[in-house]
Amino acid sequence: MKEFPIKRAFIEEVFPVKEVSEESAREKNIRHGHISTLHIWWARRPLASSRTTSYASLIEYSEEKEDEIKEFIKKLAKWENSTNSKIIKKAREDIKKSLGYVPRVLDPFSGGGAIPLEALRLGCEVYANDYNPVAVLILKAVLEFPQKYGRMKRKNSLGAEEIYNPLLEDVKKWGNWVLEEAKKEIGKFYPVEENGDIPVGYIWARTVPCQNPSCNAEIPLMRQFWLAKKKNKKVALYPYVKDGEVKFKIVGDGYEKMPKNFDPSKGTVRRAIVTCPVCGSVIDAKTLRNLFKEGKNRERLIAVVLHNPKEKGKKYRVATEKDLEIFKDAEKYSEKKREEFIDKWGFDPVPNEEIPIVHTITQRPFAPRENYHIKTWGDLFNSRQKLALITFMDKIKEAYYKILDDLKDRKDIEDKEDYAKAVVTYLALGLDRIMIYCSNLGYWHVTGEKASPAMQRQALGMVWDYFESIPICESFGWESNLDWVIKALKHFSQIPPTENNFIPKVSQASATSLPYPDNFFDAVFTDPPYYDNVPYSYLSDFFYVWLKRTIGDLYPDLFSTPLTPKSQEIVAYKHEGWTVEDGKKFFEENLKKAFKEIYRVLKPNGIAVIVYAHKTTEGWETVINALLESGLVITASYPIHTEMKSRLRAKESAALASSIYIVARKMQKEEIGWLNEVKEEIKKHLHKKLDKLWKEGIGGADFFISAIGSAIEVFGKYNKIMDYEGNEIRGDKLLEYVREIVTDYAVKQIIHNGFADELSPLSRFYLLYRWSYGTSKVIFDEARKLAQSVGLNLEKEWNKGFIKKDKEYIYLLGPHERKLEELKEPKDLVDVLHKVLKLWEKGDKEGIIKTLQETNYLKDSFFKFAQAISETLPKDSKEKKLLDGFLVGRENIIKSAKEQRRLDEFF
C-alpha cells in the first residue's frame, strides 16, 4: 500500500500567517467571479486560506528554500493570481515534484465548495462530499459541470484546436430566454410610468390595529422613515395623521422641505415595541406577537422606488390607489397561474411546508416563525412575489425541454440530458438568488439606495417594513442576479483540467459514514460544522423547497425527502425534549465518528487540515477532544484571520477573529508519555511557538486558542499520559497547565516585562480579559478558564467589585461604570486605578495623590499598568479615553506628589 510520501510538510514547520490572513480578510470585498456570488452558503472559508494551506500541506518542507516558498505562498494567496496560469502551473508542478504523483483529496464537509475548488485549482483529484442536498447541488455547479462542459475543445476556422465554453454561452442564452418569456407574462404588473420612470421596487409595511379602543388606527410598522440617507442626498417618508389615518408624503432633497422637528430615524416600532402615531399609545412586544399569532396583522403598500434611464439616481413617490389595483390584479393572476401550473406540472408550486421552530444551543434562527406566526415557507413572499417566482420556475422547467430539443443536431455534446440538466441547474441557482431579494424579509438599504436581501446572516430575521424588488427589472432582478452566477461559472471554467482530465466526484453522504474505501486519500482538507453556529439543514430549506419544485425531477436522489435530511447533521441542536448536554453530546459523538472516518480513508501518513472557528474555547476544545480520540496526530496549528478585521462586538458576546487551521496526520502514536516529561516538553515547545505567534500579531482570544493548538502538537502524539502514581491524565488537565504558561507569557508581553510577577490574580485577570475580549461580554466558562489560569476563583469574585455576572455571561465594569463610594478603601491595583480615574474625571488632583500615597502605588509600575490596559482597548472605548487623559498628566501628578512630600517633611 502506497503511503503519503512527504515526511514533513511545509505547513508543519512554518506558514506566512500574517500575509495569508490579510488576503483572506480582503477577499470579503471581492465580488466578480468569486464563489460567494454563485449561491449563499454559510461560514464558507476564504479561497486564499483554502488554497495556500492546501498547497503548503502537499509540498515538502525545505529549510534552504523556506523563504522562497513563503514568498511564493504570499503570491499564491492573492485573488488576482488565482487565474494566473504561470503561478497555478508552478503550484501544481511543486506538488507533483514533492509527491511524485497527482494527489487524491477529499473534503467530507464540502458545504459551499471553497476548499475542494482550491484543491482542484492546485491540480488534485478532488472528491467533494456533503450531507445537505442543496450543498451537493452547489458543488456540482462549482466543480463538476465547469470541468465537464466549461472547457471543451473544437477546431476553429483555421483548423487549429481551441478551448470554448458552450456551458457559459447556453446559460446566457437560456437565461435570456427565461427572462423574455417571464416579461411577456408578468411585465404588465410592473408598469413603466408615463414620464419614462421605471419602477425598481415597492416599500411595504406590516400593520397592526392600535389597541386603544378609542383609536383603533392601522399602525404601519416601520423601523425608520428614511428612503435615502447619503451625504449629498437626504430623502424620507413623512408620516402625518388625517381623519384618524396615517398618511405619508415624500420630504427632503428634491422634494417638499423636511419638517424641522422630524427625525426620520425614529419609526413606529423599536425592539418590537410599537407607538401609535395617531394617539401615542404603546403596544408592548408580547401584545404585538399575540396580534400576529391571532392573524390581526395586515400589510400596506407605502411607496414606489423608481429610476429613469435618462437621469441619475433613484426617485421616490408615495403609493397610489392605482398601484394597489395593479397589485390586486397580480394577486388574482397569481391564483390563476398557480392552478395552471398544477395542471401543467402536476404539483403545487407554492411551498406549503411549515417553517420549524428550532433552536441550537445558543441560536434561534427563525424569529418570524417563532414570534410572529409566519408559518410556511410560502408565507415569506407576498402574492406578486409568488407570482414572479412561479413564473420563472415555470419558464426554467420549460427551458429544460427546449434545450434538449435544441441539442438534437449538436455533435459536440454527447450526454445531452446531463448537459441540459447542467444548464438549468445554473438557472435554478439564479432563481435562488432572486428569492433572497424577492421575499418579505428583505429591506430597502437607505445609505446604498439598493435592495438588501433576506438571509444576510445565519438566520431569518423579522423585518417590519420590507422591500419588494422587481424580478424583471435590471437592478435587482433576474438579469443582474443571473449575471453573478455567470461570472462565477466563467471563473470556475478557467481552472485547467487535472493532468489526467479527472472530473471531480461529488457525493451526498453523512461524514460519519463515507462512501470510500480504507486508505484511499492522500489528504483531507475540510471545514466541519462549528458546534451550534449554523443550523445548515434548516436554513437551506428556504432554498430546498423551491429547488425541489424547479429541478427536483432532474435530481431524484437529492430531492427525495419533503425537506432537507436532518437526523445525521452534526450540529449541536436543542431539539424538543433535549437538554443542552444532549445537544452537546450528540455533536461531540458524531464529530468523533466523522474524524474516525477521516482517519480510516486517509493513507498511512496521510495529512489532514481541519478548519475550526467557533467563538468559544469550549466549542474548539470539543474538536480537539474528538481529534485526539480519532487516532489522528496533530502536528501543527495556525490562526488565520478569515473574517472581518474586527469581530469583537462592543457590549455583546466576544468572538474569535480567526479560524484555526489544525494540521494532523494518520500516523502511529507514541504509547505512553510521562506527565513531568510531557510538561517540560510542552513548556519548551510553547515558548518557541508563542514567540512566533506574538511576532505574527496574533492577539487576544485567538492567541489562547492558537497556543492550545500548539500544545496539543506535543501531548496529542501520545496514546496515554500518565503520572508516576499510575493515573492517566486527561486532556483538560493538561490544558489547564497550558493556560497557565500562556497567561504568564501574555502578561509579560503586554506590560513589556518589568513587574509582571508583582501583579495580583485580580489584576492579571483584568488585564488579560481586556486584552482578550475588550469590553465584550463573555460566556461564563470562557471567563472561568481565563480566571483559573491566573489562580482566581471566579465564583468567589463576581458581583463584588468589577466582575459582574449576567445570566450565562461575565463582563467587567470599567471605571466610568463604578461609583466612588464603592471604592473608598481600594486595595487591589485595579480598584486603585479605577478610583484614581474617577477622581481624575472630577478634577480632584489632591484626591489622586492622596489615594496613590495611601495605597503605596505612587510608583512607575502603576502608570505602566494603566498604559498596558489602555493599549488593549479599542479607540472609542470610554475607559481608554479616561486612561489616556489621565496618563497625559502623569508627570504633573508625580511632580505635585514630590512637592507635597517635601512640604510634609518640612513641617
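Predicted model: local features only at pLDDT ≥ 70, side-chain atom pairs only at ≥ 80, totals over all residues.

Let's start with helix α7 and helix α12. Helix α7 covers residues 166-186, and helix α12 covers residues 416-437. They pack at an angle of about 60 degrees. Their axes are 9 Å apart. An angle under 35 degrees would count as roughly parallel, and 65 to 115 as roughly perpendicular. So α7 and α12 are oblique to each other. Their crossing is right-handed. Who meets whom? From α7 we have Pro166, Leu167, Asp170, Val171, Trp174, Gly175 and Val178. From α12, the partners are Tyr419, Ala422, Val423, Tyr426 and Leu427. By class, that contact has 10 nonpolar residues, 1 polar and 1 charged.

Next pair: helix α20, residues 761-773, and helix α21, residues 780-789. Here the angle is about 135 degrees, with the axes 10 Å apart. This pair, too, is oblique. α20 passes α21 in a right-handed crossing. Phe765, Leu768, Tyr769 and Tyr773 of α20 touch Glu782, Ala783, Leu786 and Ala787 of α21. The tally for this contact is 7 nonpolar, no polar and 1 charged.

Last stop, helix α26, residues 878-888. Which of its residues are buried? They are Glu879, Lys880, Leu882, Leu883, Phe886 and Leu887. Looking down the axis of α26, these fall within an arc of 160 degrees, so they line one face of the helix. Turned away from that buried side are the exposed residues Lys878, Lys881 and Val888.

That's my tour; over to you.

Conventions:
Residues numbered from 1 in each chain as written. Heavy atoms only, no water. Axes fitted to C-alpha atoms, helices over the stretch in contact; angles between N-to-C directions. Helix = DSSP H or I, 4+ residues; strand = E, 2+ residues; numbered from the N terminus. Parallel < 35°, antiparallel > 145°, perpendicular 65-115°, else oblique. Left-handed = near helix turned anticlockwise from the far one by under 90°. Contact = heavy atoms within 4.5 Å. Nonpolar A, V, L, I, M, F, W, Y, C, P; charged D, E, K, R; others polar. Buried < 20%, exposed > 50% of the residue type's maximum accessible area, 1.4 Å probe, protein only. Arc of directions from axis to C-beta.
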